[in-house]
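Open the structure in your viewer and get ready to click along.

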Amino acid sequence: MNYFPWLTIIVIFPISAGSLIFFLPNRGNKVTKWYTLCICVLELLLTAYAFCYHFQLDDPLIQLAEDYKWINFFDFYWRLGIDGLSIGPILLTGFITTLATLAAWPVTRDSRLFHFLMLAMYSGQIGSFSSRDLLLFFIMWELELIPVYLLLAMWGGKKRLYSATKFILYTAGSSIFLLIGVLGIGLYGSNEPTLNFETLANQSYPVALEIIFYIGFFIAFAVKSPIIPLHTWLPDTHGEAHYSTCMLLAGILLKMGAYGLVRINMELLPHAHSIFSPWLMIIGTIQIIYAASTSPGQRNLKKRIAYSSVSHMGFIIIGIGSITDTGLNGSILQIISHGFIGALLFFLAGTSYDRIRLVYLDEMGGMAIPIPKMFTMFSILSMASLALPGMSGFFAELIVFFGIITSQKYLLMPKILMICVMALGMILTPIYSLSMLRQMFYGYKLFNAQNYSFFDSGPRELFVSISIFLPVIGIGIYPDFVLSLSVDKIEAILSNYFSR
C-alpha cells in the first residue's frame, strides 16, 4: 500500500502553483507563458509517473485512494481515488491542457490572469475526474466553471458577453440539479449523511425515488455533454471563445458530462438506468442525425465544428445506453478519441483565423496554396472526424455499433432501425466536413485577392498539431491502449446489472 498522497498533489499543484503567477513581473509575457508551460509539463510528468508506477491495470477497484477528514461538522471527507474509468480522462486532460497553454502563446492582454485561469481549470477537471466523494465532485465541477466563464467573457470574439452569459446560465442552472441530487442521495436512508461513492454504490432505493435522482443528475450531465435539446450553449460558446479555450472545452469539458453519466448514473443508480436506457439510445440517434444535418447550415467555421462534436457525442450516449461491455467500452474510447480530434480541429480553425481574420466560411476559399501545411493537417483531421479506418474515431464508432448489435436488452427490429438511422448519420458526417474543407481551401477567392501575405504554420503550431495527431493515429492502429485501461472496471459496473 502506497501512502504518498499522489492524487492530492496532482489536484492541488496546478492551482497553487498558478496562484504564484501574480507575483511574476507584469511586463514580461514570456515569463508567464514559460512558467505556465513548465507547470503543465511538470504536472503531466507527475501524473504519468504516478500512474505508471503505482497503478495496477488488472485491478478494477479504487486505487491510490486517499481519505482525509475535511469538515468535522457533517462528515465531509477529502476523498480521492482513481480506477480504470478515470485514468483515461485524467491523462487526456493533462495532455490537452499542456498543448492548449502552448496554443495560447498569441494571447498578450492580461496574460497572467489568462494563464492562471487555465491552470485553475486544470485543477478542477482533474479533481472532478478523480474525486470519490459526491460533494467533492460537485465542488470540483463548480470550480471548473468560473474560469471558463472568465476566459469567455474576457478573451472571446465580438459577441463574447452574450455567449458567456448563456454558458453560465446553462451550466450553473444545471448544476443546481446536480447539487439537489447529491444532497438527496447523501441524506437518504441513513442517520448521518454518506457521500462516499463506495457505500452509495451498494445502496438500493425505491424505484420512484431512484428515477427522480436519475433525472436530476441526467439534466446536469446532459447540459455539460450536450445532449439535445440542452446543447444550444455549445455552438455560441465555441463560436466566440479563444481557440485555446475551445480546445479545453471540446477536449475535456464535454467529456466531464459523459464521465458523470457513467460514474454516477450507471454506477449508483442501476435500476433507473436500465429503465431509461432505451430513451438514451433514442436521444443519441436523434442527436447524431440532428447535429450532422444542422452542421452544414452554419456559416461560422467554429460553429460548424461545434455541431460536429455534438454529433459525435451522440455515439457516447448510445454506448452508455446499450448496457453492454462492448458498447460502454466503445463510448469510453470515443470520449478519448473525440477529445483529441475535437481539440485539434478547434486549434486549426483558430490558427487559420489568426492568419486571415475571417470567420465565415462563404468568405474563405483558396487557402490551400498559401498555407499548405495547415491544409494538410486540416484534411487529415477532417478524415479522422468522419471516422476513417486507421484513425481513432473509426474504432470507437465501430465498437459502439457492435455494442448495439450484441445488446440483450432490445429486440431485433429496434436494433435494425437504430443502426440504419446511425448509418445515415455516418453518411451525413463526410458531407459537412468535406464541404467545410472545400469552402475553406479550394477555389480562387483569397488567392485572387491582393495583399495576401500570410505565413504557414510555425514550428510551435506544427508541434501542437502533430502531438495531438499522433495519439489519434496510435489509437486507430492499436485501440487496446485505451481499452485495456477501462475493460475490467466496466465489467465490474455491468456485473451490477445482471446480478440484481
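A disulfide is a covalent bond between the sulfur atoms of two cysteines. Here, a pair of cysteine sulfur atoms counts as a disulfide when they lie within 2.5 Å. Keep in mind that this is a predicted model. How many disulfides does the structure hold? The count is zero.

**Stop 1: cysteine 52.** Select cysteine 52 and cysteine 40, and look at their sulfurs. The closest cysteine sulfur to that of cysteine 52 is the one in cysteine 40, and it is 19 Å away, so the two are too far apart for a bond. Is cysteine 52 buried or exposed? With a relative accessible area of 59%, cysteine 52 is exposed.

**Stop 2: cysteine 246.** Now select cysteine 246. Its closest cysteine sulfur is also in cysteine 40, 18 Å away, which is too far for a bond. Cysteine 246 is buried, with a relative accessible area of 0%.

**Stop 3: helix 11 and helix 14.** Next, color residues 243-268, which form helix 11, and residues 325-356, which form helix 14. How do they pack? Their axes are 7 Å apart and the angle is about 165 degrees. An angle over 145 degrees counts as roughly antiparallel, so helix 11 and helix 14 are roughly antiparallel to each other. Helix 11 passes helix 14 in a right-handed crossing.

**Stop 4: the contact.** Show the side chains where these helices touch. Helix 11 contributes residues including Cys246, Ala250, Lys255 and Met266, while helix 14 contributes, among them, Leu328, Gly342, Phe346 and Asp354. The residues of this contact divide into twelve nonpolar, six polar and two charged.

Definitions and conventions
Residues are numbered from 1 along each chain as its sequence is written. This is a predicted model: local features need pLDDT of at least 70, side-chain atom pairs count only at pLDDT 80 or more; totals for chains, interfaces and linings use all residues. Side-chain values use heavy atoms; hydrogens and water are left out. Buried means under 20% relative accessible area, exposed over 50%, partly exposed in between (1.4 Å probe, protein chains only). Axes are lines fitted to C-alpha atoms, for helices over the stretch in contact, and angles run from 0 to 180 degrees between N-to-C directions. Helices (H or I, at least four residues) and strands (E, at least two) are DSSP runs, numbered from the N terminus. Angles under 35 degrees count as roughly parallel, over 145 as roughly antiparallel, 65 to 115 as roughly perpendicular and the rest as oblique. A crossing is left-handed if the near helix is turned anticlockwise from the far one by less than a right angle, and right-handed if clockwise. Contact means heavy atoms within 4.5 Å. Ala, Val, Leu, Ile, Met, Phe, Trp, Tyr, Cys and Pro count as nonpolar, Asp, Glu, Lys and Arg as charged, and the others, Gly among them, as polar.
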